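This briefing sets out the protein chain, its ligand surroundings and selected residues in turn. Please consult the sequence and structure below alongside the text.

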Amino acid sequence: MPTASPFDKEALRRDARAARAAFVRGLSAGERQALEAALAARTLPFLANARAIGSYVPMGHEIDPAACLAQGMALLPWFASRDDVMHFRVSGGPLEPGPFGTMQPFADAAEAVPDTLLVPLVAADMHGNRIGQGKGHFDRALAALRAVQPTIAIGLAWDVQILEALPADSWDQCLDAVVTPTRTLTT
Ligand SMILES: Nc1nc2c(c(=O)[nH]1)N(C=O)[C@@H](CNc1ccc(C(=O)N[C@@H](CCC(=O)O)C(=O)O)cc1)CN2
Ligand SMILES: Nc1ncnc2c1ncn2[C@@H]1O[C@H](COP(=O)(O)OP(=O)(O)OP(=O)(O)O)[C@@H](O)[C@H]1O
């Protein structure tokens, strides 16, 4: 597996964020909704046998997984503080701002363990390598979950986020699939 210097990953992250922003800014509300509906249709087969789905509340220009979850409730990332590891709590009730600019359940929502994760990303490649926000939250959470039980990770992205190849660090957790509105890549 190739190893990247932190500089490489940082540059890739910056460029991928810019490409994602440019793409999403060019979409009308209707186009965005249609692409997110197409994403949901492609994602549903991966959720058929899931018992507890971890999802996310989109921030910035991330693709919205809400249509993927039309049938049921999901778990959302939850942090007690910026130094905390990522937990998952049941959504469905009210949300409040969490420490990283995302909305999260209140502390009294039930904690649960997902067996399938819908994973936001900045960039991914055809081999299931992923670059995220750079804090390692999903890598650490997936490593902890997979140490206990098989956990399926499905990366969700706009097409523009899929690159030919990305560097992988030793701690990177592989995605089992990457789904976009037009492509389903299984690794
Ligand atoms: N929607 C969403 N929820 C998520 C994540 C994510 O990537 N997306 N996370 C993934 O681990 C976790 C939160 N971790 C995060 C870590 C760092 C930043 C962050 O540095 N954000 C930049 C914005 C960058 C941008 O322009 O997109 C910032 O706030 O300046 C955000 C979330 C759990 N929830
Ligand atoms: N399993 C782990 N145990 C300890 N540290 C980890 C683990 N996984 C990742 N990290 C740390 O997290 C930091 C960020 O990793 P990386 O740049 O791969 O994050 P990312 O996948 O882009 O971010 P995220 O998962 O938050 O969206 C690295 O400094 C790495 O050392």
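By class, how many nonpolar, polar and charged residues does the shell around ligand 2 have? The shell around ligand 2 holds 4 nonpolar, 5 polar and 6 charged residues. In this classification Ala, Val, Leu, Ile, Met, Phe, Trp, Tyr, Cys and Pro are nonpolar, Asp, Glu, Lys and Arg are charged, and the others, Gly among them, are polar.

The model is predicted: local features need pLDDT of at least 70 and side-chain atom pairs count only at pLDDT 80 or more, while totals for chains, interfaces and linings use all residues. Residues are numbered from 1 along each chain as its sequence is written, and chains are lettered from A and ligands numbered from 1 in the order in which they are written.

**Overall chain**
- The protein chain contains 3 helices and 12 strands, where helices (H or I, at least four residues) and strands (E, at least two) are DSSP runs numbered from the N terminus.
- For 187 residues, a compact globule would have a radius of gyration near 16 Å, and the value of 16 Å for the protein chain agrees; this radius is taken over C-alpha atoms, and the globule rule is 2.2 Å times the number of residues to the power 0.38.
- The C-alpha trace spans about 40 × 40 × 30 Å along its principal axes.
- Of the 187 residues, 34% count as buried; a residue is buried if 20 or more other C-beta atoms lie within 10 Å of its own, exposed if 12 or fewer, and partly exposed in between, with C-beta atoms placed from the backbone.
- Among contacts with a separation of 6 or more, 62% join residues 24 or more positions apart; two residues are in contact if their C-beta atoms, placed from the backbone, lie within 7 Å.

**Ligand surroundings**
- Around ligand 2 there are 15 residues, of which Gly132, Gly136, Phe138, Asp139 and Trp171 come nearest; a residue is near a molecule if its C-beta atom, placed from the backbone, lies within 6 Å of it.
- Helix 3 (residues 137-146) gives the most to the shell around ligand 2, namely 5 residues.
- Ligand 1 has 18 residues around it, with Pro77, Phe100, Pro120, Gln133 and His137 coming nearest.
- The shell around ligand 1 divides into 9 nonpolar, 6 polar and 3 charged residues.

**Helix 2**
- The 19 residues of helix 2 (residues 29-47) should span 27 Å at 1.5 Å a residue, and the 26 Å between its end C-alpha atoms agrees; the expected span is 1.5 Å times one less than the number of residues.
- Helix 2 bends by about 25° at Ala41, and Pro45 follows within four residues; the bend is the angle between axes fitted to the seven residues ending there and the seven starting there.
- Leu35, Leu39, Ala40, Thr43 and Phe46 are buried in helix 2, and their cover includes strand 6 (116-119), strand 9 (152-156) and strand 11 (177-179).
- Leu44 also lies in helix 2 and counts as partly exposed because it has 15 C-beta neighbours inside 10 Å.

**Two loop residues**
- Met73 sits in the loop between strand 1 (53-54) and strand 2 (75-78), and is partly exposed, with 13 other C-beta atoms within 10 Å.
- Leaving aside neighbours within four places in sequence, Met73 contacts Val90, Ser91 and Gly92; the C-alpha atoms of Met73 and Gly92 are separated by 6.6 Å, although these residues are 19 apart along the chain.
- Val160 belongs to the loop between strand 9 and strand 10 (162-163), and its 16 C-beta neighbours inside 10 Å make Val160 partly exposed.
- Beyond neighbours within four places in sequence, Val160 is in contact with Ala19, Arg20 and Phe23.
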